Amino acid sequence: MRFDRGKITKAVVISAVFLAVLYWLADVDTISFNQFDPWYLAGCVLLYIVMLNLRAVGFGLLASQQGKQVGFRKWLKLVARHQLIFLIAPSGSGDLAFPHLARNITGIDIMTATNIIFRSRLRDICTILGLGVCGLVSTGIVPSFFIFFAIIAFIAMVWIEPASMLLSNGIKYGFPKLFAENGWVDRFHATSQIGFNQRAKISILTLAIWLVASAAIWVGFTAAGYQLNFDGAWVMIAGLNIAGALAISVAGFGVAEAGATGVLMLLGETTGNAAAIAIVARFGLLLSIVIAAVGLEAFTRLWLRFRN
């Protein structure tokens, strides 16, 4: 994956500006990176390890549905490395590296890998929106009838493949010459035709991934000295992912903290206290996911060495 110096410079500047504004808004006296509870921080790392393992299972399941059988160790290595790239690359562009990364590590073809990350991200979006709305309803921020939208989001997870095939058929019909030569749409269809039970299984697994991630958010904020309710963690995980999708900064620095600050203010915190909590907690969460990803990467290397 190539990095443009101009884009990197712009991303660094954006990170610096956002962080400077947050430090200016924050109650500086309450910012302390020495206040982390090591046990809760270790728990956060453990939860992220569980989450990454579940993600590896999910990728393997999607690939097996397409007739691709790959050992779990390779999926775990792919997930760990992809997570590290995803943390650095702005606006979720780390997913652009996934197909080539998957081909190099697992040996699957580009089309299969693209299909896997595409279907995974669509389910991620549905799950995050569903949990976010559930959190907003549970905390009383929005009326209870909004739960209807969460139900729609969760149901939509099971119909990702049929909806994708319908959309791709529309594209093929509208631009026949564009896709006639390489058969992209036909190959996409071939990798998306799975039954309802299989779709339900991967959807339940995706929900489990984000429930574990929500638990990691809850534990991470507790490690930073702030007691975030679990339904608040659902709102937080939605806010962080929305901010992350919009972030064009390095590792989301500044933008993610701003998103967390906004969520905390929504949950009733003052601006100064929210900014201070967000700065400290986001550092702990980022540190935890990096430790988890690097640890799994090292584990897969050792696994391969002992197996050989």
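A cavity is a set of grid points where a 1.4 Å probe fits but cannot get out. In this predicted model, one cavity of 30 Å³ or more was found. Three helices, namely helix 2, helix 5 and helix 10, each supply at least two residues of the lining. The lining includes Arg55, Gly58, Phe59 and Leu62. Ser120, Arg123 and Asp124 also line the cavity, as do Ile202, Leu205, Thr206 and Ile209.

Two of these lining residues, Arg55 and Asp124, also pair with each other. Their side chains form a salt bridge, with 3.1 Å from N to O. Asp124 belongs to helix 5 (residues 110-138) and Arg55 to helix 2 (residues 38-64), so the bridge ties together parts that are 69 residues apart in sequence. Both Asp124 and Arg55 are buried.

A salt bridge also joins Arg121 to Asp95, where the closest N and O atoms are 2.8 Å apart. Arg121 sits in helix 5, while Asp95 is in the loop between helix 3 (72-88) and helix 4 (98-106), so this pair ties together parts that are 26 residues apart in sequence. Burial is assigned under 20% relative accessible area. Asp95 has a relative accessibility of 16%, and therefore counts as buried. Arg121 has a relative accessible area of 22%, so Arg121 is partly exposed. Arg55, Asp95, Arg121 and Asp124 are linked in a network of salt bridges.

Helix 5 takes part in a further contact of this kind, through Arg119. Glu161 forms a salt bridge with Arg119, and the closest N and O atoms are 2.7 Å apart. Glu161 lies in helix 7 (residues 160-174) and Arg119 in helix 5, so the pair connects parts that are 42 residues apart in sequence. Glu161 and Arg119 are both buried. Side chains of opposite charge can pair when their charged atoms come close. In total, the model contains eight salt bridges.

Helix 10, one of the helices that line the cavity, spans residues 196-223. Helix 10 has 28 residues and reaches 40 Å from its first C-alpha to its last. This reach is close to the 40 Å expected at 1.5 Å a residue. Just after helix 10, Gly225 adopts a positive phi of about 95°.

The surface carries a nonpolar patch of about 510 Å². Val13, Val17, Val21, Trp24 and Leu25 make up this patch. Val13 is located in helix 1 (residues 5-25). Patch residues need over 30% relative accessible area. Val13 has a relative accessible area of 47% and is partly exposed.

Val280 provides a contrasting case of side-chain cover. Val280 is part of helix 13 (residues 271-307). With a relative accessibility of 2%, Val280 counts as buried. Val280 and Asn34 are 246 residues apart in sequence. In space, their C-alpha atoms are 9.6 Å apart.

How values were computed: Residues are numbered from 1 along each chain as its sequence is written. This is a predicted model: local features need pLDDT of at least 70, side-chain atom pairs count only at pLDDT 80 or more; totals for chains, interfaces and linings use all residues. Side-chain values use heavy atoms; hydrogens and water are left out. Helices (H or I, at least four residues) and strands (E, at least two) are DSSP runs, numbered from the N terminus. The expected span of a helix is 1.5 Å times one less than its number of residues. A salt bridge is a side-chain nitrogen of Lys or Arg within 4 Å of a carboxyl oxygen of Asp or Glu. Buried means under 20% relative accessible area, exposed over 50%, partly exposed in between (1.4 Å probe, protein chains only). Patches are made of residues with over 30% relative accessible area and no salt bridge: like charges are joined within 9 Å, nonpolar side chains (Val, Leu, Ile, Met, Phe, Trp, Tyr) within 5 Å. Accessible areas come from the Shrake-Rupley method with a 1.4 Å probe; for residues, only the protein chains shown count as cover. On a 1 Å grid over the protein atoms alone, a cavity is a set of points where a 1.4 Å probe fits but cannot get out, and a pocket is an open set with protein on both sides within 12 Å along at least five of seven lines; lining residues have an atom within 4 Å of a point. Grid points are joined across faces, edges and corners, and a volume is the space filled by probe spheres set on the points.
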